[in-house]
Amino acid sequence: MNFDRLDLNLIKIFDSLYREKTLTRVAKIMGLSQPAISHSLAKLREFFDDPLFVREKNIMVPTAKAERIHGRMGRSLERLRHAVEDRGHSDPTRSSRAFMLGLTNYTGVVVLPRLLAALEQQAPMIRVFTRHAGAGQKADFLEEGSIDLAIGCSPINRSGLKQQRLFDDQEVCIAGRSTRVPEHAITPDNISRYSLIRLQVAQHETTDIFQHLDKEKIDIKTTFTTDQETLIPLIVADSNHIGIVANKIARVYQKAFGFDIYPVRGLDTRFTARQYWHSRNDKDPVHQWFRRLVKTVCAQEGWPDESSKADHADII
């Protein structure tokens, strides 16, 4: 293999396909047709003498050789991308940097609209992409460089990653206007009286109230279980069910769907949202500015912003 014969545009396509896993999404991101991406992949396969990516169901899975290649060039590509997209300067108001955020349904609804509005005012050339990042995925995505920042509520304890507390929240009960809750609160003693929509999250999440109920052997009547928290307000509004969701989710949807919100008492339902990033981006000026903006957006919305050690970045 002769490096001088390799078109560097093909490396961009290789990197994008490794991250996105589909030809269609790569074509959209790079502004090319899908046949053009397929033609470029054929050239890459010829140059490296390897299939590089094989189709499994609806995604393109990298071969072992593709994994080795990307592992060696990934960080170099990231540094080069930052240098080129920032055009040699670190002023975020002039930067055309692209940020890939790893979010959950919850953090997408709560944080993203305000963040995008702030970016439009302060740094309109910065581009934002999002990727769903569950509890067990955030650390891996940050390490491999497929996301630049993760925002979530599940703790991450891995060397080389940093974190900052953003805000606190707690779970509440929501009920349609036709559903009467005489006690004006949900407790372990009365929850079994209601038909409940159960939110099913990963076992290692810390915010699952149902794990506490199961542990205490409290009977609950559930007719529907989902891992999509943002579906629950829609269903509750037009049914006799009640649901348990984060307070900030409830407040976002209450005006549109007209349900009632009740506290959950007798159980500790508090949790903390944090932003996480890899230490290699810690001193990047634009990345630092972006993190400060995320923190500021959360604080401006009246979310807790106490000064404490948890507010400062620490390697975990």
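The following questions and answers concern a predicted model of a protein.

Reader: How many helices and strands are there in the protein?
Author: The protein has 316 residues, of which 50% count as buried. Its secondary structure comprises 10 helices and 12 strands.

Reader: What percentage of the contacts in the protein with a separation of 6 or more comes from residues 24 or more positions apart?
Author: The contacts considered here are those with a separation of 6 or more in the protein. Among these contacts, the share of residues 24 or more positions apart is 73%.

Reader: What share of the accessible surface of the protein belongs to carbon and sulfur atoms?
Author: The accessible surface of the protein amounts to about 16500 Å². Of this surface, the part that belongs to carbon and sulfur atoms is 49%.

Reader: Are H5 and H10 parallel or oblique to each other?
Author: Helix H5 spans residues 105-122 and helix H10 spans residues 285-300; their axes lie 10 Å apart and the packing angle is about 120°. Angles of 65 to 115 degrees count as roughly perpendicular and those over 145 as roughly antiparallel, so an angle between these ranges belongs to the remaining class. H5 and H10 are therefore oblique.

Reader: Which residues of H5 and H10 make the contact, and how many of the residues are nonpolar?
Author: H5 and H10 cross in a right-handed sense. H5 contributes Val111, Arg114, Leu115, Ala118, Leu119 and Gln122, while H10 contributes Trp289, Phe290, Leu293, Val294, Val297 and Cys298. Of the residues in this contact of H5 with H10, one is charged, one is polar and 10 are nonpolar.

Reader: Is the crossing of H5 and H9 left-handed or right-handed?
Author: Helix H9 covers residues 247-257, and its axis comes within 10 Å of that of H5, with a crossing angle of roughly 60°. The two helices, H5 and H9, are therefore oblique to each other. The crossing of H5 and H9 is left-handed.

Reader: Which residues of H9 meet H5?
Author: On the H5 side, the residues are Tyr106, Val109 and Val110. The contact of H5 with H9 holds six nonpolar residues, no polar residue and one charged residue. On the H9 side, the residues are Lys248, Ile249, Val252 and Tyr253.

Reader: Against which elements do the buried residues of H9 pack?
Author: The buried residues in H9 are Asn247, Lys248, Ile249, Ala250 and Tyr253. They pack against H5, helix H8 (231-237) and strands E6 (161-175), E9 (242-246) and E10 (260-263).

Reader: Is Leu44 buried or exposed, and which residues does Leu44 touch?
Author: Leu44 lies in helix H3, which runs over residues 34-48. With a relative accessible area of 1%, Leu44 falls under the 20% limit and is therefore buried. Asp7 is 37 residues from Leu44 in sequence, yet the C-alpha atoms are 9.3 Å apart. Residues up to four places away in sequence being left out, Leu44 touches Leu10, Phe14 and Leu52.

Reader: With which residues is Ser40 in contact, leaving aside neighbours within four places in sequence?
Author: Ser40 is also placed in helix H3, and its relative accessibility of 11% makes it buried. The C-alpha atoms of Ser40 and Ile11 are 9.6 Å apart, although 29 residues separate them along the chain. Apart from those sequence neighbours, the contacts of Ser40 are Leu10 and Ile13.

Reader: Which residues does Asp282 touch, not counting residues up to four places away in sequence?
Author: Asp282 is situated in the loop that joins strand E11 (270-278) to H10. Its relative accessibility is 8%, so Asp282 counts as buried. With those sequence neighbours not counted, Asp282 touches Lys162, Trp277, Gln288 and Arg291.

Reader: Is Asp49 buried or exposed?
Author: Asp49 is in the loop between H3 and strand E1 (53-56). It is not a glycine, yet Asp49 has a positive phi of about 55°. Because its relative accessibility is 67%, Asp49 counts as exposed.

Reader: What value does the phi of His184 have?
Author: His184 occurs in the loop between E6 and strand E7 (195-199). At 52% relative accessibility, His184 counts as exposed. The phi of His184, a residue other than glycine, is positive and near 60°.

Definitions and conventions:
Residues are numbered from 1 along each chain as its sequence is written. This is a predicted model: local features need pLDDT of at least 70, side-chain atom pairs count only at pLDDT 80 or more; totals for chains, interfaces and linings use all residues. Side-chain values use heavy atoms; hydrogens and water are left out. Axes are lines fitted to C-alpha atoms, for helices over the stretch in contact, and angles run from 0 to 180 degrees between N-to-C directions. Helices (H or I, at least four residues) and strands (E, at least two) are DSSP runs, numbered from the N terminus. Angles under 35 degrees count as roughly parallel, over 145 as roughly antiparallel, 65 to 115 as roughly perpendicular and the rest as oblique. A crossing is left-handed if the near helix is turned anticlockwise from the far one by less than a right angle, and right-handed if clockwise. Contact means heavy atoms within 4.5 Å. Ala, Val, Leu, Ile, Met, Phe, Trp, Tyr, Cys and Pro count as nonpolar, Asp, Glu, Lys and Arg as charged, and the others, Gly among them, as polar. Buried means under 20% relative accessible area, exposed over 50%, partly exposed in between (1.4 Å probe, protein chains only). Accessible areas come from the Shrake-Rupley method with a 1.4 Å probe; for residues, only the protein chains shown count as cover.
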